[in-house]
Amino acid sequence: DNTKIIWIIFNVLMAFALFSIGYEANQDIEDPTKRKLLNYLISFSSMFFALSGIITMEFKVPHLTLAGLFFFSYTAYIFWYGMFSKYKRQTLYSMILTGVTFLPVIPTFTMDISYGSFEVVFISVVIIWNYFLIYSKRFFS
């Protein structure tokens, strides 16, 4: 309860940051249909992330549903961004890293174990991936 407001603010700010970085990165995709798909994915995943922070574990099922939708949609975004990107080889590594990190998240929705530890690991990998995304133009162009 002491950190609830801080956690909500963090989630909303992170969701906005993920959306901003993703939307900016999508501008490099030349095909407008592919760019539109990526914009939808990043919009939905950011919205799910923000809502999963606002709706706390006090409401377990809605929170886990939103968190699961975030994990799924953001992993889908990373996959499709990698498929559409001109940096194929470089984004393949991040796609694999994020996909492997997503695997331990799946059982947490069916087992009664700590949800937070896997969420922290996944968000850490998301931050690393976004760091890669921001600087990939400079390193790989």
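The side chain of Ser52 reaches the backbone oxygen of Phe49 at 2.9 Å, a polar contact in the sense of a pair of N or O atoms within 3.5 Å, where within protein one atom must be able to donate a hydrogen and the other to accept it, and where residues adjacent in sequence count only if both atoms are side-chain atoms. The model is predicted, and local features therefore need pLDDT of at least 70, side-chain atom pairs count only at pLDDT 80 or more, and totals for chains, interfaces and linings use all residues. Residues are numbered from 1 along each chain as its sequence is written, and side-chain values use heavy atoms, with hydrogens and water left out.

Six helices and zero strands are found in the protein, helices being DSSP runs of H or I with at least four residues and strands runs of E with at least two, numbered from the N terminus. Ser52 lies in helix 2 and, at 6% relative accessibility, counts as buried, a term that means under 20% relative accessible area, with exposed set at over 50% and partly exposed in between (1.4 Å probe, protein chains only). Of the 141 residues in the protein, 42% are buried.

Phe49, whose backbone oxygen is reached by Ser52, is also among the residues with the most contacts inside the largest nonpolar core, together with Phe70, Tyr74, Tyr77 and Tyr81. This core has 24 residues, where a core is a set of buried Ala, Val, Leu, Ile, Met, Phe, Trp, Tyr and Cys residues joined through side-chain atoms within 4.5 Å. Two or more residues are given to this core by each of helix 1 (4-26), helix 2, helix 3 (60-84) and helix 6 (115-140), and the largest share, ten residues, comes from helix 3. Ring pairs link Phe49, Phe70, Phe71, Tyr74, Tyr77 and Tyr81 into a cluster, and eleven aromatic pairs are found in the whole structure; rings of Phe, Tyr and Trp (its six-membered ring) pair if their centres lie within 6.5 Å, with planes under 30 degrees apart counted as stacked, over 60 as edge-to-face and the rest as tilted.

Ile54 is likewise found in helix 2 but is partly exposed, with a relative accessible area of 44%. Its C-alpha lies 9.1 Å from that of Lys4, although Ile54 and Lys4 are 50 residues apart in sequence.
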